[in-house]
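Let's take a friendly walk around a protein model. Have the sequence and the 3D view ready as you read.

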Amino acid sequence: MSETTSFSATVSGTIDNGILVVTLDNAPVNATSGDVRAGLEKALSHAESSASVDAVVITGAGKTFIGGADIKEFGKPALDPTLPSVIEKIENLEKPVVAAINGAALGGGLEVALACHYRISSPTAQVGLPEVKLGIVPGAGGTQRLPRLIGIPAALDLIASGRIAKPDEALKLGIIDQIAQNDLVPAAVAVARNLVGKSLRRTGALDVAPADAAELEKISGKILAKARGQKAPAEAVRLVTSATRPLAEGLADERSTFLTLRDSREAAALRHVFFAERESSKVDGLEGVEPRPVKTIGICGLGLMGSGIAVAALGAGYAVIGLDQTAEAAEKGRERIIGLLERNLSSGRLDQAGFEAQKARLSVTASDADLAPCDLVIEAVFDDLNVKIDLFQRLDRVIRPEAILATNTSYLNPDEIAAATAHPERVIGMHFFSPAHVMRLLEVVRCARTAPDVLATGLAVAKKLRKLPVVTGVTEGFIGNRIFSAYRREAEFLLEDGALPHEIDAALENYGFPMGLFAVYDMAGLEIAWARRKRQAATRDPAERYVEIADTLCEAGRLGQKAGRGWYAYPDGKRTVDPEVTAIIEAARAKKGITPRSFSTEEIQQRMLQAMAAEGEALLKEGIAARPSDIDLVMINGYGFPAHKGGPMFARS
Ligand code: 3HC
C-alpha cells in the first residue's frame with residue numbers, strides 16, 4: 001500500500017496493487033459537498049494521467065458510502081464542479097472505476113455508483129434515490145441511468161416512491177453486481193484489477209428496454225394518486241418513463257427539472273421536515289445524560305392502545321409483561337396482541353422465526369406483583385385521573401425504585417398523577433397515537449419533576465420503538481391535541497360564519513390532508529368529544545364563543561359513520577351531504593343572528609392555518625414546545641398535516 005495522497009480536505013487516495021482507492025471522508029454522511037466534488041474530480045484526473053494507476057475504487061469512510069448531495073448547500077449558489085460533471089467523468093474514464101458501497105448510497109451517492117463500471121457492496125449497505133421525499137427528483141443522472149440498468153418499471157417504482165433497497169434486492173434488480181462476503185475494499189480492488197484491459201460496461205451507453213405501456217400506466221397511476229398534488233413524483237414519472245430518448249437529452253431535462261424543483265416551496269418544506277426530524281431529539285438539559293437500561297416493559301391495560309404499544313415493544317426486541325384487571329381480560333389482551341403479530345406475519349413484515357421469538361417474549365397477568373422485573377411500565381388504562389393514580393400507587397409497591405412509570409394519558413395532567421406517587425421524578429408521559437404499532441409520532445411528556453435521565457430514557461425507548469419522539473411540556477392535550485382543538489374550534493366558527501362541512505373538508509383535502517376534519521369525526525365517532533364537552537360545560541367561560549352544532553348533531557343521534565349518519569349521511573357507505581345537517585347549521589346561525597357569507601377554498605385554508613399557527617405560538621410562549629419545527633412534526637405525523645407543506649408553523653411563514 002502506498003502513502004496517502006490528499007486530493008482535497010475530504011478526498012484522499014492510496015495505491016493498492018496499481019489500483020487507486022479513493023476514500024470520501026466528509027462526516028457525518030459523506031455528502032457530495034463542494035470540497036468532495038472537487039477532490040473526486042482531482043482524483044479522477046490523477047487516475048487518468050498517472051501511469052501507475054490502472055483502475056479506481058471509490059468508497060466512503062465510516063458507515064456511509066455517500067448520503068447524497070449536501071442538502072445544506074441547496075439554496076446557495078452552486079460551486080463548480082457540479083455533481084453531474086464529476087459523474088460524467090467517472091463514466092467516461094478510460095480506466096475501470098468500481099464503487100465499493102460500504103453503507104448507504106443514497107441520492108447523489110447512488111448516482112455516483114451508477115456511473116461506475118461495477119458496483120460491489122457490503123451486506124449491510126442500502127441503496128436508493130429518495131429525492132422525491134425532499135420534493136425534488138434525482139439531479140445527477142439517476143432518472144436516466146437507473147432505467148438503463150434495471151428497466152423502466154423497476155426504476156419507476158424506486159425513484160417515484162423514494163424507497164430504499166437492501167443489498168439482496170439491489171442485487172436481484174441488477175443495481176449492484178456483487179455483495180462482498182468478506183472485506184469490501186480488498187474485494188473491490190480485486191474486481192478492479194480483473195477489469196483492467198477489458199471493455200467497460202458504461203451504464204449511460206446501455207439501451208433502455210421498452211416497457212409495456214399498460215404496465216407503466218398502472219404503476220404511474222398509483223404513484224400519482226398517492227402524491228396528492230405533489231410535483232416531484234409526477235416529474236419523476238415523466239423523466240423515468242421517457243428514459244428511452246438519447247442520454248444527453250434526458251440528462252439535460254432531468255437537470256433543469258431538478259433545479260426548478262429544488263428552488264420550490266414544496267422542496268423547502270420537505271427539507272425543513274428532514275432537518276426538523278433530526279433536530280427534535282436534541283433536548284435542552286440532556287447533553288451527556290445517560291438513559292437508564294431498559295430490557296423489560298410492562299404495559300397496563302391491554303385494549304387497542306395497550307396492544308398496539310405491546311406490538312411495537314416486541315418488535316423492538318423488548319420483553320413485554322402485559323397487565324389487565326382480570327385473568328380473562330389479560331388473556332383477551334394476549335390474543336389481541338398475537339392477532340396483530342399474525343397480521344405482521346401474513347403480510348411478510350415478520351418471518352416465522354421472528355414471530356415465534358416475539359411471542360416468546362410476551363407474557364400477560366392480572367397480578368401487579370408480576371410487573372416486578374420491569375424497567376419501564378407504560379399505562380394505557382381508562383383515561384380517568386383516579387384510575388391512573390390508583391394504578392401508579394399500586395405499581396409503586398411492586399416495581400423497583402429506579403424503574404420508570406409512563407402514562408399514556410391524552411388529556412389528564414401527568415403532574416397530578418406523578419404527585420400522587422412515591423417517586424414523582426421517575427414519572428413521564430408517553431403519548432402514543434392510535435394504532436400505536438403503526439403511528440410514528442410519540443409525544444414524550446416532560447413533567448414538572450421528571451429526572452433528566454428518565455426523560456432521556458423515554459426518548460431512547462421511543463427511538464428503539466422506531467417512533468419519532470417529540471418532547472412536550474404539560475398542558476391539556478399536550479402539543480398535538482391543543483393545536484387540534486384550535487383547528488376544530490376554527491372549523492366550527494367557519495360553519496357558523498357560512499361554510500358547510502363538505503366545503504371545509506374539500507378545502508382541507510385540496511390542501512393535502514388525507515381526509516377533511518368532519519369526515520374524520522364521522523369515522524372516529526362523535527361521542528367521546530361530546531362527553532368531554534359535557535364535562536367541561538360547568539367550567540366553560542360564558543363569554544367565550546361556543547358553537548353548539550356538534551351537540552345538536554349528537555342529540556339527534558348523528559354519532560358518525562357507525563350510526564350511519566353524522567356530519568354526513570352514508571347511503572351505501574358513501575359520504576354524502578345531508579340537507580338535515582345543513583338545516584341544523586342554518587338554525588344555529590339564525591339563533592345567533594349571524595348572516596352567513598361564502599368562503600373561498602383559499603380563505604378556509606388560511607383561517608385554519610392561522611388558527612393552528614396562533615395556538616403553536618402560544619405553546620412556544622408557554623414553553624410547552626421547544627421549537628416551531630417540533631410543532632410541525634407533531635401535526636404532520638399525528639394529524640395528517642401534509643408534509644410537503646412543512647407543518648403549520650413553517651407554512652405560515
Ligand atoms: N446533506 C447534508 N446533511 C445531511 C445529509 C445530506 N444529504 N444527510 C444527512 N445529513 C446530516 C443530518 O442532518 C444529520 O445532521 P446533524 O447530526 O447535524 O443533525 C447528520 O447528517 C446525520 O444524519 P442522520 O441522523 O439521518 O444519520 P443516520 O446515520 O441515521 O442516517 C442517512 C444516515 C441514511 C444517510 C440519512 O441521513 C439520510 O437518509 N440522509 C438523506 C439521504 C438523502 O435524501 N439523499 C438525497 C439528497 S438529495 C440528492 O442527492 C440530489 C442529487 O440527486 C443531485
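Of its 17 lining residues, Gly315, Asn344, Arg349, His437 and Arg466 are the closest to its centre. A pocket here is an open set of points on a 1 Å grid over the protein atoms alone, where a 1.4 Å probe fits, with protein on both sides within 12 Å along at least five of seven lines; lining residues have an atom within 4 Å of a point.

Helix 12 (residues 304-315) gives the largest share of this lining, three residues. Helices are DSSP runs (H or I) of at least four residues, numbered from the N terminus. By type, the lining splits into seven nonpolar, four polar and six charged residues.

## What you're looking at

This is a predicted model, where local features need pLDDT of at least 70 and side-chain atom pairs count only at 80 or more, while totals for chains, interfaces and linings use all residues. Residues are numbered from 1 along each chain, and side-chain values use heavy atoms, with hydrogens and water left out.

## Two helices side by side

Now try helix 9 (residues 231-241) and helix 10 (residues 247-262): their axes come within 11 Å and cross at roughly 180 degrees. That makes the pair roughly antiparallel, a label for angles over 145 degrees.

Which residues of helix 9 meet helix 10? They are Lys231, Ala232, Glu235, Arg238 and Leu239, and they meet Asp253, Glu254, Thr257 and Leu261 (contact means heavy atoms within 4.5 Å).

Terms used: Nonpolar A, V, L, I, M, F, W, Y, C, P; charged D, E, K, R; others polar. Axes fitted to C-alpha atoms, helices over the stretch in contact; angles between N-to-C directions. Parallel < 35°, antiparallel > 145°, perpendicular 65-115°, else oblique.
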